[in-house]
Amino acid sequence: MAESPNSNNKGTVFKHFPSYGDWLSQQEGAATIDNYHDALFQHADEIKFKRQYPEDAFAVFQYLARLGHVASMYSYCCCSMYGEGATVDRTGGFASVEKSATLGFAKAQRQLAVCLSKGIGCEQSGVEALRWAQSAIDQGFINAYSTVGTMYFEGLDVPVNRTKAMEHYLLGMDAGSIECISQVGIEMKQDVKMAVELYEKAISLGSSMGCCYLGDLYHNGDDGFPKDPSKAATYYEQAVPLGDDSSAAKQKLAYLYDKGTDVEQNYELSLQYYLEAAKFEDACALYQLGVKYMIGTGVEQDNVKAFEFHERAKQNNAAAITNLGYLFGEGQGCAKDLVRAAQLYQQSAALGNGVGAHNCGVVFRNGLCVEVNLFKALDYYQMAVRLKYDGAKSCLGPDSNISRDLYNTARVLQRHNKDKEALDHFRAAAGQGHSESIAAVYRNAAGLGPVSYETDLRYFEPQKHQTPLFQPCQTNSSFKSFNGFIQRNASFCGTFRAESGRFSKMTVSHDIYSNFSFIFCHPAI
């Protein structure tokens, strides 16, 4: 560890590196204190890369950063932000890298762009992130092309634009950026052979991302590529010591050890890798940690920790936003806040999370700190099904709660002479195949008026000689059924056919039609 620096900055002694005087005696020709600081920085950078003595490396970076050494300011930022040899301090790390970037250090300018694009230690600002990334590119730091490409690819405070993303990845690849070579491989994955060639080229240049992406191919068996999770684990492990940010590889390794996928299940090692990836604010790692503490998988259940990890993951992970809403709604690990829960469910649904959409349906159907809105509830349940959340299927259909709620609400509206609003509710329920609601929609189309629920029901008998206009719609109902009804010279030009829970407009002649089996209620005559 470093001694406290003395006043002349020449007598400070660090472990594993000679003092200034000893170092100077070993030099041939003239050497200055600035040369010594550069050599000291290179030594600290090497032991950091090898993951040896991280506290010593941090002490050197901190010492040199205070002396105005711009490269050390950048490294001090990385250690502070990701807790390498130091307590995590994202605000302090951001301040250090911002100072280094302002002094013109291109690598710091790129890191500053990354922080601004994700809101790490600062307020998120896509505009400022692009400006600093371009400044780094202008100075020849070609990996900054990857930063810009990723911003457009993932929509990091800029509109998603895959074309612009690919343009920057290609520019970076042409300039020799190993990060961009890997990213182009991702975009070319429909051509597996080409993608593998690009990944292997990136790996030969020391790319952590190339190892990670090739590991993904072996893990998923994409597009005919042979699935081999053991090889995937090998590539992920190979990626870990390469580069400053190997969070993606660590997160994937953690997942493999967590699930025991072709590696021996090891919760302790999984937790270690997840925590290391979380230092880089990896959204997937933060989310998985939140889930582990939420349900107690390989760790003692701790809702406070679950809340903290989900809170950190929410910026870039829709599933984390959904779980955070659940924790607020249940008051687990935090103060109960149904308003906040409803907001988070809507946010996750907008990001395409099926569970979040389902929970929005629950919120609006039951009026949980929002005004009851059965139409919104129905829309959200349907969205959840479209988003492949199977649990929402039971919320739809003729016998579902939402169908009964719509029907019962329509009946109340009818009694208050709000026929238009009632019809809207009947139609929505009929769209789910609810038989009584379908009957009510047909009644309205036939001009028969609303049902009187306070008088006996009577039915028309169909005439025998009429041919059916369309096929019967089979339904079930608590009302009595009849074989058909006839309304001679029907004075309307359209009706609706109920089929598989959907309606299609049909043109109907002003003639007689009959003979369709349907549950229909007529007013007393």
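Modeller: I402 touches R365, L374, A377, L378, Y381 and C395, leaving aside residues up to four places away in sequence. Such a contact means heavy atoms within 4.5 Å.

Biologist: What kind of model is this, and how are residues numbered?

Modeller: This is a predicted model in which local features need pLDDT of at least 70 and side-chain atom pairs count only at pLDDT 80 or more, while totals for chains, interfaces and linings use all residues. Residues are numbered from 1 along each chain as its sequence is written, and side-chain values use heavy atoms, with hydrogens and water left out.

Biologist: How far apart are the C-alpha atoms of A377 and I402?

Modeller: They are separated by 7.8 Å, although the two residues are 25 apart along the chain. A377 also touches G361, F364 and R365, again not counting residues up to four places away in sequence.

Biologist: Why is A377 called buried?

Modeller: Buried means under 20% relative accessible area, exposed over 50%, and partly exposed in between (1.4 Å probe, protein chains only). A377 has 0%, so it is buried. A377 lies in helix α21, residues 374-386; helices are DSSP runs of H or I with at least four residues, strands are runs of E with at least two, and both are numbered from the N terminus.

Biologist: What makes S403 buried, and where does S403 lie?

Modeller: Its relative accessible area is 0%, so S403 is buried. S403 is placed in helix α22 (residues 401-415). S403 touches G397, P398, A429, Q432 and H434, not counting residues up to four places away in sequence.

Biologist: Why is H425 called buried?

Modeller: H425 has a relative accessible area of 11%, so the word buried applies. H425 belongs to helix α23, residues 419-430. Beyond residues up to four places away in sequence, H425 touches L374, F375, L406, T409, A410 and L413.

Biologist: What does the side chain of H425 reach, and at what distance?

Modeller: The side chain of H425 reaches the backbone oxygen of E421 at 2.8 Å.

Biologist: Which residues have the most contacts inside the largest nonpolar core?

Modeller: They are L214, L253, F328, I402 and L406, in a core of 69 residues. Helix α16 (residues 283-295) gives the most to this core, with seven residues. Apart from it lies another core, of 37 residues, among them L112, A129, V184 and F280. A nonpolar core is a set of buried Ala, Val, Leu, Ile, Met, Phe, Trp, Tyr and Cys residues joined through side-chain atoms within 4.5 Å.

Biologist: How confident is the predictor in the chain, by mean pLDDT?

Modeller: The mean pLDDT, a confidence for each residue from 0 to 100, is 78, and 80% of the residues reach 70 or more. Over residues 1-10 the pLDDT is below 50. Over residues 452-525 the pLDDT is also below 50, and beyond near neighbours in sequence this stretch has 144 contacts in the model. Where pLDDT is low, the predicted coordinates should not be read in detail.

Terms used
A polar contact is a pair of N or O atoms within 3.5 Å; within protein, one must be able to donate a hydrogen and the other to accept it, and residues adjacent in sequence count only if both atoms are side-chain atoms.
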